[in-house]
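This report is for a reader who is meeting the structure for the first time. Please keep the sequence and the 3D view at hand while reading.

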Number of protein chains: 2
Amino acid sequence: MNAPFFDLTAFLKEHRDIVDRCLEKVLSSFDPERELVRAMRHSLMAGGKRLRPVLALASARACGKDIKLALPAACALEMIHTYSLIHDDLPAMDDDDLRRGKPTCHKKFCESTAILAGDALLTHAFYILSRPQDFFDLVPESDTLLELTAVIAMAAGINGMVEGQMLDMQSENHQENKRNKDSLLSHLKHMHELKTGKMIAASVAAGAVSVNAQVTLKTDLAAYAGHLGLAFQVMDDILNVEGDPEKMGKAAGSDLRRDKLTFPAILGLDRSKSFAQQLIDQALGAIDRFDSQADPLRAIARYVINRDR
Amino acid sequence: MNAPFFDLTAFLKEHRDIVDRCLEKVLSSFDPERELVRAMRHSLMAGGKRLRPVLALASARACGKDIKLALPAACALEMIHTYSLIHDDLPAMDDDDLRRGKPTCHKKFCESTAILAGDALLTHAFYILSRPQDFFDLVPESDTLLELTAVIAMAAGINGMVEGQMLDMQSENHQENKRNKDSLLSHLKHMHELKTGKMIAASVAAGAVSVNAQVTLKTDLAAYAGHLGLAFQVMDDILNVEGDPEKMGKAAGSDLRRDKLTFPAILGLDRSKSFAQQLIDQALGAIDRFDSQADPLRAIARYVINRDR
C-alpha cells in the first residue's frame with residue numbers, strides 16, 4: 001500500500017504544540033513557585049514526544065470529527081504517562097538519573113517530592129476528566145467523560161500499566177531462570193502489553209470515545225493500537241541497544257547492563273527488527289478501510305519503527 | 001445541647017462492615033495471588049477505622065437519603081486514604097515500619113511494590129467512580145458521578161492532600177526557625193487543613209453530593225466537616241504524645257523524637273485539648289438544624305475527641 005505524501009513532522013509539531021498549550025493552561029492554574037508545582041512542571045514540560053495525546057487527537061480525526069473534543073483526554077493521558085515515568089525512575093524502581101536528557105524528578109528535587117509530584121499528576125488527570133470545562137472550550141458530554149475515565153483508569157491501573165511495571169521489576173535479573181525462549185518471549189509480550197500497550201491502546205480509544213465514534217471504527221482502531229503498542233516497545237528495546245545516547249537523552253545499553261529481559265536479548269537484533277516491521281504492517285492493515293483522515297495514524301505507525309529516539 | 005442516646009459503637013461497626021464488604025467485592029475482581037493485589041489487600045483490609053467512608057454514609061443519612069447511593073464514593077475515599085498512608089510510610093517520606101500494628105506495605109513487601117500498590121489504589125478509586133455499576137446495585141447519575149470525582153480529586157491532589165504531605169515533609173526539623181508561635185500555629189493549621197482536612201471535608205461532601213442534597217444542607221455540612229477535620233488532627237497529635245502504643249499500633253512520642261511541628265509542641269497539651277473541644281463544639285453547632293438523622297454525625301464529632309487511637 002503506497003500512501004500519498006503526508007508531512008508527519010509538521011503534523012507532530014502542530015499537535016504537540018496544541019497539547020503543550022493545553023498542559024500549560026492546566027499548570028498555570030497553580031502558583032509556579034510551589035515546589036510541588038515546579039516538580040510537576042519539570043517532568044511534564046520536559047519536551048516529551050507527546051505520542052499518547054497526539055495518538056488520541058489523530059484517532060479523533062480518523063473518525064472524521066473535531067479533534068478539540070479529544071483534548072481533555074489527551075492532557076489526562078500525558079499527565080498519567082508523566083507520572084508513570086517519574087515513579088518508574090525512582091531509586092526503588094529503575095533508579096534512573098536522566099530522562100529526556102535532563103535530571104529525573106527525584107534527582108532534580110528529592111525522592112519524596114518526586115513521589116508526590118507523580119501522585120499529584122495522576123490525581124489531577126482525573127480531575128481534568130471530571131471538570132474539563134475548567135480548561136477547555138469544547139467538552140464531551142457527561143456519559144462520554146465517564147467512559148473516558150473508565151477506559152483510561154483501566155489501562156493505567158491494576159490490570160494495566162501498574163501491573164506491567166510490577167512484572168518489569170520482577171523480571172530484572174531473571175533471565176537465568178529455567179524458562180525456554182518461547183516462554184520468555186510470551187512473558188515479555190505480556191509485560192509490555194500491560195506496561196506500554198494498554199496506555200497506547202487507551203490513547204487511540206480515547207480519541208474515538210471522545211467523539212462518540214461508531215463501534216466498528218472503535219474495533220478497527222483497537223486492533224491498530226494493539227499492534228502499534230507492541231511495535232513501539234520492541235523498537236524501544238532495539239534503540240536501547242543501538243540508539244544514539246545524545247538523541248535518546250539517556251545512556252545506551254542500560255538494559256543490557258542490568259541483564260534485563262528485552263526483545264533483542266531473546267530474539268536477537270535482526271529478528272527483533274523484522275518482528276517490529278510485521279507488527280506495523282498489521283497495524284496499517286487494521287485501518288485499511290479508513291479514508292485519508294487516518295493518514296496521521298498511518299504515518300505515526302511508520303514513524304514508530306523509523307524513529308531514532 | 002443534650003443529644004438523646006445514640007449507640008455510636010453499633011453504628012460504626014455496622015457501617016464499617018458495609019464498607020468492608022464493598023471493598024472485598026472490589027478486591028475480589030482480581031486474582032488474589034498476584035503480588036500487587038496482595039499488597040493492596042494488606043493495606044486496604046488492615047482494620048482501619050473507615051472514618052472517611054463512614055462519614056460519607058452518615059452525611060448521606062443526615063440529608064435523609066438512602067446511604068447506598070454513597071457507597072461508590074465511600075469506597076473510593078477509603079482507597080485513596082489507604083494509598084496516601086502507603087506512600088506516606090515510605091522510607092523517603094515518614095519511614096514508618098508499623099501501621100495499625102502491622103508492618104507497613106513496604107516492610108511487608110518491598111518499596112517498589114508499595115509505591116505501585118499505592119498508585120493502583122489511587123487509580124482504581126477513580127475507576128470505581130466512573131463505573132460504579134460494576135460493583136454496586138444503586139448508583140448515582142452521570143453528572144453526580146462527575147461531581148464526586150471532581151470533589152474527591154480536588155481534595156486529594158495538588159491543592160489538597162498531596163500538598164499537605166509536601167508541607168509536612170518540609171516542616172520536619174524546622175521548628176528551630178525564626179517564626180513566632182502565631183506564625184507556626186497558622187502554618188500548622190494550613191498544613192493539616194490540606195493534609196487531612198480536605199479529605200475529611202470531601203468525605204462529608206461526597207455523602208451529600210451522592211444523594212443530590214440541597215445546597216443549604218451542603219453548606220452546613222461543609223462547616224461541620226471543616227471543624228471536624230482540624231479537631232481530628234489536633235487529637236492525632238495529642239494521642240501521639242500520650243496515647244497507648246498498643247492501641248495506636250505504633251510507638252508513642254515519634255513526632256517528638258523527630259522534632260516535628262505539632263499542636264502540643266506549640267500550644268502545650270492542655271491548650272491543645274481545649275482547642276480540640278472548641279472545634280468540636282463548632283462542628284456540632286454547624287449542623288444544629290438537622291434532625292435526628294444527623295445523630296451519627298454528632299456522635300462521630302464527639303468520638304473524635306474521646307477516642308484512644
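How many residues does α6(A) have, and how far does α6(A) reach from its first C-alpha to its last?

## The helix α6 of chain A

The helix α6(A) has 20 residues and reaches 29 Å from its first C-alpha to its last, close to the 28 Å expected at 1.5 Å a residue, where the expected span of a helix is 1.5 Å times one less than its number of residues. Helices (H or I, at least four residues) and strands (E, at least two) are DSSP runs, numbered from the N terminus. α6(A) is mostly covered, since 19 of its 20 residues are buried; a residue is buried if 20 or more other C-beta atoms lie within 10 Å of its own, exposed if 12 or fewer, and partly exposed in between, with C-beta atoms placed from the backbone.

## Model and confidence

This is a predicted model, in which local features need pLDDT of at least 70 and side-chain atom pairs count only at pLDDT 80 or more, while totals for chains, interfaces and linings use all residues. Residues are numbered from 1 along each chain as its sequence is written, and chains are lettered from A and ligands numbered from 1 in the order in which they are written.

The mean pLDDT of chain A is 92, and 91% of its residues reach 70 or more; pLDDT is the predictor's confidence in each residue, from 0 to 100. The model as a whole scores ipTM 0.94 and pTM 0.94. Where pLDDT is low, the predicted coordinates should not be read in detail.

## How the two chains meet

In this model, 37 residues of chain A are in contact with 37 residues of chain B, two residues being in contact if their C-beta atoms, placed from the backbone, lie within 7 Å. On the side of chain A that touches chain B, the elements that give two or more residues are α2 (35-44), α6 (111-130), α7 (142-156) and α8 (161-171) of chain A. The largest share of that side, 13 residues, comes from α6(A). By type, the residues of this side divide into 21 nonpolar, 10 polar and 6 charged, where Ala, Val, Leu, Ile, Met, Phe, Trp, Tyr, Cys and Pro count as nonpolar, Asp, Glu, Lys and Arg as charged, and the others, Gly among them, as polar.

Chain A is superposed on chain B by a rotation of 180° with 0.0 Å of shift along its axis (RMSD 0.0 Å), and the two copies are thus related as by a two-fold rotation axis. The superposition is by least squares on the C-alpha atoms of residues with pLDDT of at least 70 in both copies. Of the residues of chain A, A:S142 comes closest to the rotation axis, at 3.0 Å (C-alpha). Because 100% of the interface residues of chain A are also interface residues in chain B, the copies meet through the same surface.

## The nonpolar core

The largest nonpolar core has 192 residues, and A:I152 and B:I152 touch the most other members of it; such a core is a set of buried Ala, Val, Leu, Ile, Met, Phe, Trp, Tyr and Cys residues joined through C-beta atoms within 7 Å. Leaving aside its neighbours within four places in sequence, B:I152 is in contact with B:A73, B:A76, B:L77, B:I80, B:A202 and B:A206.

## The helix α3 in both chains

In chain B, the 12 residues of helix α3 (residues 51-62) should span 16 Å at 1.5 Å a residue, and its end C-alpha atoms are 16 Å apart, which agrees. Because 12 of the 12 residues of α3(B) are buried, α3(B) is largely enclosed by the rest of the structure. Its buried residues pack against α1 (8-27), α4 (71-89), α9 (181-210), α10 (215-242) and α15 (295-306) of chain B. α3(B) is followed by B:G64, whose phi is positive, near 80°.

In chain A, A:R61 is found in helix α3 (residues 51-62) and is buried, with 21 other C-beta atoms within 10 Å. Not counting residues up to four places away in sequence, A:R61 touches A:I67, A:Q293 and A:P296.

Most residues other than glycine have a negative phi, and most peptide bonds are trans. A:R50, in the loop between α2 and α3 of chain A, has a positive phi of about 60° although it is not a glycine, and A:R50 is buried, with 22 other C-beta atoms within 10 Å. B:D95, in the loop between α4 and β1 (98-99) of chain B, has a positive phi of about 50°, but B:D95 is exposed, with 12 other C-beta atoms within 10 Å.

A:T104 lies in the loop between β2 (102-103) and α5 (105-108) of chain A and counts as buried, with 25 C-beta neighbours inside 10 Å.
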